[in-house]
Amino acid sequence: MADSLEKDGNANSARERIEAALKLDPQSPEANGLLGKILFKQGKAAEAVKPLEFAAAKNPADQETRYTLARVYQQLGRREEAAREFAEVERLKSEQLQKDRAKTQKP
């Protein structure tokens, strides 16, 4: 629900739902990732770091979370960390592309 609200531009409502969800399950990588994304969109990059780092650590293959984290680092002037995350997103994309190609090439 929060994801739909965020995509529809209702960041405040989405954030309220995410924060309620995190009270029930503070270890949720999905909720932490979405909270970080919302905070970043609200111009709160420094606040977005912690939930995004948590989400990326719990689900390292989540390209969207890692990309958002890279953008947050970039905005905060943390160039090396941003470059590392952007490189990881590219690696994950390449890996997924190879898997997709292998599936389509099976006889």
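This is a predicted model: local features need pLDDT of at least 70, side-chain atom pairs count only at pLDDT 80 or more; totals for chains, interfaces and linings use all residues.
Colleague: Why is Thr 65 called buried?

Modeller: Thr 65 has a relative accessibility of 7%, and buried means under 20%; therefore Thr 65 counts as buried. The residue sits in helix α5, which covers residues 63-75.

Colleague: Which residues is Thr 65 in contact with, beyond its neighbours within four places in sequence?

Modeller: Those residues are Gly 33, Leu 52, Ala 55 and Ala 56.

Colleague: What makes the pair Thr 65 and Asp 62 a polar contact?

Modeller: The two side chains are 2.9 Å apart in this contact. The cut-off for a pair of N or O atoms is within 3.5 Å, with one atom able to donate a hydrogen and the other to accept it. The value of 2.9 Å falls within 3.5 Å, so the pair is listed as a polar contact.

Colleague: Why is Gly 43 called exposed?

Modeller: Its relative accessibility is 53%. Exposed means over 50%, so Gly 43 counts as exposed. Gly 43 belongs to the loop between α3 and α4. Just after α3, Gly 43 takes a positive phi of about 80 degrees. In sequence Gly 43 and Val 72 are 29 residues apart, while their C-alpha atoms are 9.8 Å apart in space.

Colleague: How do you know that the span of α3 is close to the expected one?

Modeller: Helix α3, residues 29-41, has 13 residues. The expected span is 1.5 Å times one less than the number of residues, which gives 18 Å for α3. From first C-alpha to last, α3 reaches 18 Å, so the span is close to the expected one.

Colleague: And what is the span of α6?

Modeller: Helix α6 has 26 residues and reaches 38 Å, close to the 38 Å expected at 1.5 Å a residue.

Colleague: What makes α3 mostly covered?

Modeller: In α3, 11 of 13 residues are buried. Among them are Pro 29, Asn 32, Gly 33 and Lys 37.

Colleague: How do α3 and α5 cross?

Modeller: Two packed helices are described by the angle between their axes and the distance between the axes. The axes of α3 and α5 come within 10 Å and cross at roughly 35 degrees. This crossing is left-handed. On the α3 side the meeting residues are Gly 33, Lys 37 and Phe 40, and their partners in α5 include Thr 65, Thr 68 and Val 72.

Colleague: At what angle do α4 and α5 pack?

Modeller: The angle is about 145 degrees, with the axes 9 Å apart. The crossing of α4 and α5 is left-handed. In α4 the residues that meet α5 include Ala 48, Leu 52, Ala 55 and Ala 56, and those in α5 that meet α4 include Thr 65, Leu 69 and Tyr 73.

Colleague: Why is Val 89 called buried?

Modeller: Val 89 has a relative accessible area of 3%. The limit for buried is under 20%, so Val 89 is buried. Val 89 is found in helix α6, residues 79-104.

Colleague: Which contacts does Val 89 make when neighbours within four places in sequence are left aside?

Modeller: Val 89 is in contact with Gln 63, Arg 66 and Tyr 67. Val 89 and Asp 62 are 27 residues apart in sequence and 8.5 Å apart in space, C-alpha to C-alpha.

How values were computed
Residues are numbered from 1 along each chain as its sequence is written. Side-chain values use heavy atoms; hydrogens and water are left out. Helices (H or I, at least four residues) and strands (E, at least two) are DSSP runs, numbered from the N terminus. Buried means under 20% relative accessible area, exposed over 50%, partly exposed in between (1.4 Å probe, protein chains only). Contact means heavy atoms within 4.5 Å. Axes are lines fitted to C-alpha atoms, for helices over the stretch in contact, and angles run from 0 to 180 degrees between N-to-C directions. A crossing is left-handed if the near helix is turned anticlockwise from the far one by less than a right angle, and right-handed if clockwise.
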